[in-house]
Amino acid sequence: MATTLMRLRPQSFTVGVGLSGFVLHNELLATMEPLERQIPFLWAHDPADLVINPDATAFTQEWLRANTELSTARYAGMGHATSPAELADVSSFLTGRGPGSFVPSG
């Protein structure tokens, strides 16, 4: 969902995060590319996620490399879920890359 919204309204984003997601291969959305600027983006996933097929994973990697300032985090054995380690990495990414991001207290 994050990448679809970025394609439609890139000016609305300063940073993006995708958790166990993928980029839609869609000709209509592709007419809006390349994005006007490369937005910092964290793609966090398990490469062996059984919900996201290998073709979608390959297209996602290609699209994110071409259209974002990509950071990738992989979590073996997580499947199509989230983990405490992943959420800690998302927090670090947003704190370091997102102006006005939430900064945890304590």
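**Entry 1: the pocket**

I looked up the largest pocket, and its volume is about 160 Å³. I note that this model is predicted. I then asked how many residues line this pocket. The lining has 15 residues. Met1, Ala2, Thr3, Gly21 and Phe22 lie nearest the centre of the pocket. I checked which elements give two or more residues to the lining, and they are helix 1 (2-8), strand 1, strand 2 and helix 3. By class, I found 10 nonpolar and five polar residues in the lining of the largest pocket. That lining has no charged residues.

**Entry 2: the cavity**

Rolling a probe the size of a water molecule over the atoms shows where empty space is left. I got one cavity of 30 Å³ or more. The largest cavity has a volume of about 60 Å³. Which residues line the largest cavity? I wrote down Ser20, Gly21, Trp43, His45, Asp46, Pro47, Asp49, Ile52 and Thr57. Sorted by class, this lining has three nonpolar, four polar and two charged residues. Gly21 is in the cavity lining, and Gly21 is also among the residues nearest the centre of the largest pocket.

**Entry 3: strand 2**

I turned to strand 2, residues 39-45. How many of its seven residues are buried? I found seven of seven, so I call this strand mostly covered. Both of its faces are covered. On one side I see Ile39, Phe41, Trp43 and His45, all buried.

I then traced the partners of strand 2. Strand 1 (residues 16-19) runs parallel to strand 2, and four bridges join the two. Val17 stands opposite Leu42 in this pairing. Strand 3 (residues 68-74) also pairs with strand 2 in the parallel sense, over seven bridges. Here Ile39 stands opposite Thr68, and the bridge partner of His45 is Arg74. To get from strand 2 to strand 3, the chain passes through helix 3 (residues 54-67). I noted this β-α-β crossover as right-handed.

**Entry 4: His45**

I picked His45, which sits in strand 2. Is His45 buried or exposed? Its relative accessible area is 6%. Buried means under 20%, so His45 counts as buried. I listed the contacts of His45, leaving aside neighbours within four places in sequence. They are Ser20, Thr72, Ala73, Arg74, Tyr75, Met78 and Glu86. Arg74 is on this list, and Arg74 is also the bridge partner of His45 in strand 3. Ser20 is a contact too, and both Ser20 and His45 line the largest cavity.

**Entry 5: Val23**

Where is Val23 placed? I found it in the loop between strand 1 and helix 2 (27-30). Val23 is buried because its relative accessibility is 2%, under the 20% cut-off. With neighbours within four places in sequence left aside, Val23 is in contact with Thr3, Arg7, Phe59, Thr60, Trp63 and Leu64.

Key: Residues numbered from 1 in each chain as written. Predicted model: local features only at pLDDT ≥ 70, side-chain atom pairs only at ≥ 80, totals over all residues. Heavy atoms only, no water. Buried < 20%, exposed > 50% of the residue type's maximum accessible area, 1.4 Å probe, protein only. Pairing = 2+ DSSP bridges. Right-handed = clockwise from strand over helix to strand, strands pointing away. 1 Å grid on protein atoms, 1.4 Å probe; cavity = no way out; pocket = protein on both sides within 12 Å on 5 of 7 lines; lining within 4 Å. Points joined across faces, edges and corners; volume = space filled by probe spheres on them. Nonpolar A, V, L, I, M, F, W, Y, C, P; charged D, E, K, R; others polar. Contact = heavy atoms within 4.5 Å.
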